[in-house]
Amino acid sequence: MRQGILVGGNFIIDHVKIIDTYPEQEKLVNILAEYSSNGGSAYNLLKGLCKLGVRFPLEAVGLLGDDERGCQIIEECSSLRIDTQQLRQTDAAATSYTDVMSVHSTGKRTFFHQRGANALLDKAHFNFTTSRARIFHLGYLLLLDQLDLADHNGVTGAAHVLKAASEAGFLTSADIVSENSDRFASIVPPALPYIDYLFVNEFEAGMLTGIATTTAGAINVSGCFQAASRIIEMGVRQWVILHFPEGVVAVSASGEQLFQPGLRVPADRIAGAVGAGDAFAAGVLMGLHDETPLQDCLLLGVSAAASSLFKATCSDGILPAADCLQLAREFGYREQPVAV
């Protein structure tokens with residue numbers, strides 16, 4: 001019987017700076033606090049699963065620099081009992097890092113990213129024959145240079161990797177980075193037919209489909225459902241899970257539609273929103289691994305995301321799963337955005 005989650009993709013060290021406001025060019029702002037922590041889809045997801053208290057095995061696939069940051073990542077993963085056999089180091093590039101500017105009053109983040117060794121992660125680094133995990137997660141599409149490249153048939157490296165995982169018996173999951181570019185239409189669609197569960201936010205869904213997911217800056221729930229349905233039509237095999245600060249919508253290949261509101265976290269408990277999307281994905285994947293109904297998976301996801309807001313770093317605020325669910329009872333839910 002297959003058990004566990006194998007997570008591949010971006011391993012990043014985040015240098016988070018809490019600032020009083022985001023500046024115009026050539027203007028000065030104040031740094032109120034600063035931290036160093038895990039970052040990137042794969043690293044955040046694995047640490048989030050550990051913080052939630054999963055009892056199944058966790059395995060990492062990634063490429064790090066042969067440097068202090070790389071050794072730091074391997075050391076922390078090992079201390080969390082994450083299998084690091086496929087977490088390799090190279091002297092061809094430094095370990096990836098990101099300077100994260102998080103505005104204290106809003107939690108809004110801006111990212112200055114050094115792609116580093118993540119840019120060299122390629123198909124050959126993934127070995128699916130040595131793992132008996134149940135789920136394989138890959139993230140982020142659009143932030144893994146070699147895996148974003150397409151062959152002469154237009155098939156990306158990520159599509160090849162996800163196809164190989166499927167053929168090896170894994171359920172597959174993937175996440176996309178919020179890049180403001182025209183690359184969505186060429187890089188993401190080739191991978192969709194090999195993905196069972198796709199995580200996107202409202203911006204990514206809009207970029208991928210051309211469907212408006214916001215109206216005058218507010219979430220358009222009707223548009224989010226339409227966008228998720230369109231992505232299903234593009235090839236995702238089981239569920240598209242579209243999250244935003246107010247909640248999440250999910251659409252299945254059979255046409256089922258779900259909505260889960262986010263938690264109403266008091267403003268004075270919010271230290272920063274960096275990593276909230278990855279915390280959400282960790283909660284959902286924990287439930288999916290244990291064959292929990294998806295509506296309950298979404299509740300755990302939004303509860304894990306809420307707890308992640310308690311710290312300025314990506315995963316340090318995440319509580320054990322039972323405590324996350326207690327937050328839902330304590331805080332209640334945000335009002336559902338009005339569909340337009």
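A crossing of two helices is called right-handed if the near helix is turned clockwise from the far one by less than a right angle. Keep that in mind as we walk through this predicted model, because two packed helices are described by the angle between their axes and the distance between the axes.

Let us begin with the wider setting. The UniProt record, an unreviewed entry, places the feature "domain: Carbohydrate kinase PfkB" at residues 13–316.

Now find helix H8, residues 276–289, and helix H9, residues 294–308. Their axes come within 7 Å and cross at roughly 145°, and H8 passes H9 in a right-handed crossing. On the H8 side, the residues that meet H9 include Phe280, Val284 and Leu288; among their partners in H9 are Leu294, Leu298 and Val302. By class, this contact has 13 nonpolar and 4 polar residues, with no charged ones.

H8 also packs against helix H1, residues 41–52. Here the axes come within 8 Å and cross at roughly 55°, so H1 and H8 are oblique to each other. The crossing of H1 and H8 is right-handed. From H1, Ser41, Asn44, Leu45, Gly48, Leu49 and Leu52 take part, and they meet Asp278, Ala281, Ala282, Gly283, Leu285 and Met286 in H8. The residues of this contact divide into 7 nonpolar, 4 polar and 1 charged.

Conventions
Residues numbered from 1 in each chain as written. Predicted model: local features only at pLDDT ≥ 70, side-chain atom pairs only at ≥ 80, totals over all residues. Heavy atoms only, no water. Axes fitted to C-alpha atoms, helices over the stretch in contact; angles between N-to-C directions. Helix = DSSP H or I, 4+ residues; strand = E, 2+ residues; numbered from the N terminus. Parallel < 35°, antiparallel > 145°, perpendicular 65-115°, else oblique. Contact = heavy atoms within 4.5 Å. Nonpolar A, V, L, I, M, F, W, Y, C, P; charged D, E, K, R; others polar. UniProt positions renumbered as here; feature names shortened; annotations may be inferred.
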